[in-house]
There are 2 protein chains.
Amino acid sequence: MNSNSVILICGGAGFIGSNLVNRFLSLGSNIVIADNYSRGSSLNIAKYLANPAVHFFEVDLSKRQNVKNLFQYAAALGDICEVWHLAANSDIPLGVENPDVDHKDTFLTTFELLIEMKKYGIKLFNFASSSAIYGDFGDLRISENSGPLLPISNYGAMKLASEAQLSAAAEDFLVRVNIFRFPNVVGVPATHGVIFDFINKLLLDPSTLPVLGDGTQQKAYLHVEDLISAMLTIHDRDIEGKVEVVNIGPIDDGVSVKFIAEKVVERINSKAKIIYGTSNKGWVGDVPKFKYSVDKLLSYGWSPKLNSEEAIIKAIDEIALQFEI
Amino acid sequence: MNSNSVILICGGAGFIGSNLVNRFLSLGSNIVIADNYSRGSSLNIAKYLANPAVHFFEVDLSKRQNVKNLFQYAAALGDICEVWHLAANSDIPLGVENPDVDHKDTFLTTFELLIEMKKYGIKLFNFASSSAIYGDFGDLRISENSGPLLPISNYGAMKLASEAQLSAAAEDFLVRVNIFRFPNVVGVPATHGVIFDFINKLLLDPSTLPVLGDGTQQKAYLHVEDLISAMLTIHDRDIEGKVEVVNIGPIDDGVSVKFIAEKVVERINSKAKIIYGTSNKGWVGDVPKFKYSVDKLLSYGWSPKLNSEEAIIKAIDEIALQFEI
């Protein structure tokens with residue numbers, strides 16, 4: 001990569017996107033951050049925009065003309081060599097209530113990016129997919145080859161739809177598609193997620209922490225720094241075919257919501273009372289239990305620095321500091 | 001079912017849809033055929049519309065207001081007890097050239113049907129999916145559990161997207177989703193497909209049959225009568241969960257395009273010269289080789305009356321008669 005190349009980071013003002021921008025600063029390429037600030041924020045990227053190689057374009061990526069404008073803008077800066085797509089709806093319950101949300105923000109964003117990429121002959125697509133595409137496998141450990149894929153949220157459905165559209169595009173014009181199936185990711189700058197929500201609730205009412213579900217939901221959590229290093233490991237490898245699908249996650253089977261609630265209370269206000277719900281699901285579309293195989297990724301030589309417990313504890317502290325607590 | 005119930009058959013004027021209408025005539029339910037006549041034809045259903053229980057509503061199922069109108073029309077006839085969705089784009093190369101085609105006709109039709117079904121509390125969805133959702137597994141035999149799902153056409157991608165959206169809807173409000181993963185299906189009234197195309201070509205130029213691809217593509221073919229009986233077998237079974245995914249196909253591994261070309265020439269004009277292409281794919285998005293496991297369906301007690309060879313030979317004759325040859 002060089003000063004004439006452009007890396008397009010969609011959703012680059014969001015939680016994971018802004019961490020990726022940070023990591024790419026040293027590459028010497030131009031970086032174009034595309035975001036509509038729906039979840040992302042100018043605060044997350046203000047410090048990067050001081051760098052003359054970093055550019056920002058505000059855009060709703062689900063709209064064809066807007067995406068066209070984005071590519072015109074980015075192409076004027078140099079050759080667009082690859083696209084990273086991390087923009088999506090991140091409010092899963094909202095997407096279940098109104099399917100248009102995930103169709104538009106989680107699927108059409110991918111769909112419209114592909115339309116423009118084909119025109120420009122851009123051949124490398126990096127996609128933030130999700131463990132949500134698998135649905136509920138209960139006690140079975142989920143590998144990249146597991147099926148059938150029966151997502152239980154519209155978010156998971158539209159991430160799977162995006163994967164499918166990318167796979168078809170690889171047959172048509174892309175030469176490499178990296179599909180990163182994310183676990184739950186924690187760290188800063190937090191914009192949503194369980195820790196963020198718990199701290200927000202305690203700021204509103206320091207005496208009580210109401211928890212959706214009975215607290216038994218068990219999930220794996222990866223710290224965003226480990227996620228970024230995993231994505232770059234996958235990105236930098238040669239592969240045989242055109243489409244690389246990889247589960248990313250910690251090696252352990254995760255922690256319970258109860259563990260997270262207790263650690264948040266410990267950090268923010270140890271006198272707060274935790275009140276649990278009665279369902280083993282936090283909401284419609286929540287997968288209560290989840291065992292993830294990351295053997296493929298481990299075979300690439302990557303390993304996480306933090307396990308789920310350590311990632312949660314570190315992130316609680318980081319997010320508390322973000323709230324200036 | 002009774003005279004107050006309504007079965008909605010989307011794509012009911014098409015090849016498979018009209019065969020389904022025929023099979024449902026004896027049930028005593030009202031049947032509403034929804035079709036936009038893009039591939040379907042009034043000729044396919046004229047004889048059924050003479051029956052007072054059969055109704056037709058012309059509609060583009062990808063448009064929200066139109067689907068709303070359809071459900072108002074159908075609900076006025078009785079309780080809509082289930083939806084069969086067989087409408088889709090069926091021109092795979094066209095969908096690869098213009099992704100909007102499959103997004104609209106293959107995916108949004110499913111998406112918009114679900115929006116209205118939720119409003120009306122209709123809980124049973126029968127979906128015509130496709131082996132195209134699997135992509136190219138080469139020599140591996142494909143079962144319902146095979147993965148990863150990497151379709152190589154936008155048609156396959158948008159069928160998979162539909163499956164995913166249905167799966168999420170089952171978590172939300174549907175109580176039963178039958179996902180039929182179709183093989184290549186042959187029979188009449190033919191509207192598209194390899195036999196239909198070959199006969200059409202020979203009508204234009206009786207001396208030559210140009211074939212896309214080198215003729216080695218090997219696929220399994222099921223006769224539409226066997227397909228209908230398979231769907232009804234699956235439909236009538238009780239299952240444990242809410243989503244039933246089943247491969248439908250013959251037991252054999254299919255026949256080559258060369259076999260079909262030779263049999264068509266034999267039937268239509270034995271002096272015609274067959275001219276093959278050079279690629280082992282007929283077009284971008286064509287899966288050259290395909291081994292399908294139908295063990296799950298066989299375990300339900302179904303078995304096909306015809307194998308691939310017999311289905312092709314019978315369908316060639318039926319389609320030739322349809323062309324009045």
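This is a predicted model: local features need pLDDT of at least 70, side-chain atom pairs count only at pLDDT 80 or more; totals for chains, interfaces and linings use all residues.
Colleague: Hello! What rotation superposes chain A on chain B?

Modeller: Chain A falls on chain B with an RMSD of 0.0 Å and a shift along the axis of 0.0 Å. That is how a two-fold axis relates its copies. The rotation is 180°.

Colleague: Which residue of chain A has its C-alpha nearest the axis?

Modeller: For chain A, we look for the C-alpha that comes nearest to the axis. It lies 2.1 Å from the axis. The residue is A161(A).

Colleague: Which element gives the largest share of the side of chain A that touches chain B?

Modeller: Let's start with the contact itself, where 31 residues of chain A meet 31 residues of chain B. The elements giving two or more residues to this side of chain A are α5 (99-120), α6 (154-172) and β12 (243-247). By class, this side has 17 nonpolar, 11 polar and three charged residues. The largest share, 11 residues, comes from α6(A).

Colleague: Which elements of domain 1 of chain A give two or more residues to the side that touches domain 2 of chain A?

Modeller: The contact takes 19 residues from domain 1 of chain A and 16 residues from domain 2 of chain A. On the domain 1 side, eight are nonpolar, nine polar and two charged. The elements that give two or more residues there are α1 (15-24), α4 (92-97) and β11 (221-223) of chain A.

Colleague: What do the buried residues of α7(A) pack against?

Modeller: Helix α7 of chain A runs over residues 194-204. Its buried residues are V194(A), I195(A), F196(A), F198(A), I199(A) and L202(A). They pack against β8 (184-186), β9 (208-211), α9 (257-268) and α11 (308-322) of chain A.

Colleague: One last thing: what is the radius of gyration of chain A?

Modeller: Chain A has 11 helices and 15 strands. For 325 residues the globule rule gives 20 Å, and the value for chain A is close to that, so chain A is as compact as a globular protein of that length. Buried residues make up 51% of the chain. The radius of gyration is 19 Å.

Technical notes. Residues are numbered from 1 along each chain as its sequence is written. Chains are lettered from A and ligands numbered from 1 in the order in which they are written. A residue is buried if 20 or more other C-beta atoms lie within 10 Å of its own, exposed if 12 or fewer, and partly exposed in between; C-beta atoms are placed from the backbone. Helices (H or I, at least four residues) and strands (E, at least two) are DSSP runs, numbered from the N terminus. Two residues are in contact if their C-beta atoms, placed from the backbone, lie within 7 Å. Copies are superposed by least squares on the C-alpha atoms of residues with pLDDT of at least 70 in both. Ala, Val, Leu, Ile, Met, Phe, Trp, Tyr, Cys and Pro count as nonpolar, Asp, Glu, Lys and Arg as charged, and the others, Gly among them, as polar. The radius of gyration is taken over C-alpha atoms; the globule rule is 2.2 Å times the number of residues to the power 0.38.
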